[in-house]
Amino acid sequence: MGKQPSSAELLPGTLDLLLLRVLSLEPMHGYGIAHRLKQVSDDVLQVGESSLYPALQRLRLNGWVKAEWGTSENNRRARFYTLTTAGRKQLLSERDEFDRMAGAIQKVLRMV
Amino acid sequence: MHFVWRRLTFWWRRDQLERELKEELELHAALAQSRAVMGNMTLAQEESRDMWGFRTIEYLLQDVRYALRGFAKNPGFSSVAIISLALGIAGNTSIFSIVNALLIRPLPFQEPDRLVRITNLHPKALLEYFQQRSRTMDIAFVDPGAEINLTGQGPAMRVTASETSANLFSILGATVERGRVFAPDEDRPGKDGVVILSHELWRTKFRQDPNIVGRTIALGGMNRRVAGIASSGFAFPSTKVQAWIPARIDPRNMVDYWGGAFVPLIARIRPGASVEQARSEIHSLAAGVWKLFPWPMPKRFNADSTVISLQTDLAGETRSKLFVLLAAVGAVLAIACANVAGLLLARATTRRKEIAMRAALGAGSGRIVRQLLTESVVLALAAGGIGILLGTIALSLFRSIVPPQIPGMAQIGFDWRVALFAAALSVLTGLSFGVVPALSARSLDLVEAMKAGSQRSTTNSWIALRGWLIAAEIALTLVLVVGAGLLMKSLYGLTSVNPGFNTQKILTVKISPNDAFCAQREACVAFYRTLIEQADGISGVVNAAVANTVPLDGGLPAIPTEVEDHPRTPNFPSPMLWAGAVSPSYLSLLRIPLLSGRAFTDADGSNTSPVILISASTAARFWPGVNPIGKHIRRAGENTWRVIIGVVADVRQFNLANNSPSAISGAMYMPYAQAVQSNGQIPVVMNLLVKTTVSADQAATDIRRIAVEANPDIPVGKVLTLTGIVGDSISGFRSTIWVFLSFAVAALLLAAVGIYGLMSYSVSRRTYEISVRMATGATNGSIVRLILGQSLRTTLLGLSLGIGASFLLTRFLSGLLFAVTATDPLIFTYVCLFLVVVAAAASSIPAWRASRIDPIRTLRAE
């Protein structure tokens, strides 16, 4: 078994942010989200299902995404996650927070 | 809020969620199959599930499920445990319900905690004296109630009326349903022609006629205007009271003012004052009241008056009885808990393997302890449920220990306090007996338990603890059984005591004319003489008599007297004597033996010189060693002396234990025609007694008939048998004893079960050792002796603890005991022997089982 990238290796809370960002473009099913993350990050961000699905449930519970059953590209029933208005708001605020955080980290790293 | 709601809906739909998640993950797997590595699908499932947030509930349900499954697998253990606790909880809940109703639940009056009773009985004059001087209290006067006739409203009836000062209702803060309460001056002469009716009397007798207020009714021969109808449910000072009439407080009538009636005083503490202030005030006020009387009073009369809460006062003697029962039932619960703790402890040790297995599979120690605790709580809750059920039944049986006339006692029920008490009790019990075995399970050495697989590795300290638990149970049981033994001996003593009179086949009925009926003394004497003659004429009646009281019916016709050779001084006030007014046939009818002199005859009438008979103990008290015949006694204030013509045997007039009130110094009998009272009249209300040869029912109809026919305007009471009256006089005591006895039996059963459990467990634990002994030549008999000896050691330890405890504790019963001391050695001996037999019987089955152990099989299995 290869190395499993997991949320533990991401900054805390980043997975939620990434999921919200991915879903902000279009509704997707779980596998699609994982695949998209991997693609966009040039294979750096490989989210395992054991972090992905719990995170999606957490987002649902918080009311940031809603889940609807639809049909996948291979004609199977799949659950599509859509960003809600609350989720969009959450994305904005988390993004600001992340930028602030990333900026701060950059500053620390660049200090002479 | 939304979050919680979503969680709840998720929780509700969890089956659906599970299905959906599974489907989703399968799709993921299918899509990922061609390329990426498969992750841990189960982990994904479990963690998603955790995300839904009902792991805690899930674990709890799981624990409960395990517990129920465990109990179902072990029906013997669980039924014994549940029944033990249920018995304990049932007893406690029912007794606590009574305690709550009597002593805890606030009295149904305004600000009941400010209501107090001033102890002792005081005349009207002292009411006014205290009222005028007290700065801390408003004081009212309220007598316990006496029967008077209500006439002019259909057939005459007896009504219990309480004489009160006009401020009673305002002091209690009670309102009336209709009309008004007494006006402040309505206890003054001339203004007191009013009455307040109880709701119940208004409903039954006046058919809720709203126009009755303001109308006049005839009560005890006096016309009184109905001022108001009390609120429904209002009862004071007892539920027997059906009407309140103003006491006539008249300082000019010196005799009545200072000596007419001695009654209880109640008071409300004024705002800003405290009970302690009121108490010290009464102490200083009451100290000198004996000097205020217009005639010499006993030194320091009523000087010891103090202030107690009204609730305590109303509970009366029942209070101490209840505390005894509460202690007894608490002991039963303690025994039940010790039993269950022992059972759970044994179970925890025999379950070591199971627990070790769980721990090995990854259950944290917290998780295991939680599961064990859940088991205990489930057990306790099940027991609590059954206990409450049994408790309601027990309550309906135990209710009889409280006199029903105490206000509010009719509504003893399971209120929220009691429910809370039972719930807290069951959970606390669960926790307390869950803790020890749970701790025992925690200190488990995994490898050792798994490896040994037998029960030999059990820590010895837990076994010792269990032995001590059982010994403590036996000790408590001994205390209860000794108590029950003492009480049973008392009850036996009371029922077999010679009351001094014959009770067989005697019927009695109360005839109660108005006072006015006897204004002409001769008319009254003639009326009762005719009644006796008519009663004699009934077929089956062999003798008939009249008397002002019947022994043990609760009446107390005591009067202050002057006794020849005993001049009255402040240190020797007028002795109070029980004064019977009887027809000549009374003594022969009750077979009260004449010891010397002569009995009354019909010739001792109203115009002949007054004669009396006295009881043997009265003679011994006033004229020890001297022939009392020819000596004299007279009513205090009377001019002519009455000559003693004979001495009769003692009769237990007041109660079977012969505890006549300390104020009563003796007993005398007067011929009815000569029994003139302080008001110049002879007693009006009399009891007709007849001795029959036929059945009580048959004679009762005839007796009632002749009494009613003699004068339809005179109320005639219920026909009672004398044996019934004697039985009723100890019914409260009897029911207390039965309740106590039921607790002792419960304790005994529980202790027997406890010993049995301990010994079976010990035998199963010692199987290996016993097998080795047998293999090396021990006989069956020696094995039985070994086991019985072990049980006997525990029992003897318990008995010695119990004897010590009993010596300390049974003295609290002494108020209930009759003709037996609290440390009766015979009872102690019998009870100890009895408990040894019970313990031996309980351990005989395990001992027999031990002797049947097959050593070959056991040793091979090891």
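Q: Where in chain B is B:Pro237 placed?
A: B:Pro237 sits in the loop between strand 8 (222–230) and strand 9 (243–246) of chain B. Helices (H or I, at least four residues) and strands (E, at least two) are DSSP runs, numbered from the N terminus. This is a predicted model, in which local features need pLDDT of at least 70, side-chain atom pairs count only at pLDDT 80 or more, and totals for chains, interfaces and linings use all residues. Residues are numbered from 1 along each chain as its sequence is written, and chains are lettered from A and ligands numbered from 1 in the order in which they are written.

Q: What is the peptide bond from B:Phe236 to B:Pro237?
A: That bond is cis, with omega near -5°.

Q: Why is B:Glu111 called partly exposed?
A: A residue is buried if 20 or more other C-beta atoms (placed from the backbone) lie within 10 Å of its own, exposed if 12 or fewer, and partly exposed in between. B:Glu111 has 13 C-beta neighbours inside 10 Å, so B:Glu111 counts as partly exposed.

Q: Why is B:Gln208 called exposed?
A: B:Gln208 has 12 other C-beta atoms within 10 Å, so B:Gln208 is exposed. B:Gln208 also has a positive phi of about 55°, although it is not a glycine.

Q: What makes strand 14 and strand 15 of chain B a pair?
A: Two strands pair if DSSP finds at least two bridges between them. Three bridges join strand 14 (residues 558–563) to strand 15 of chain B, and the two run antiparallel. B:Ala558 stands opposite B:Trp578 in strand 15 of chain B.
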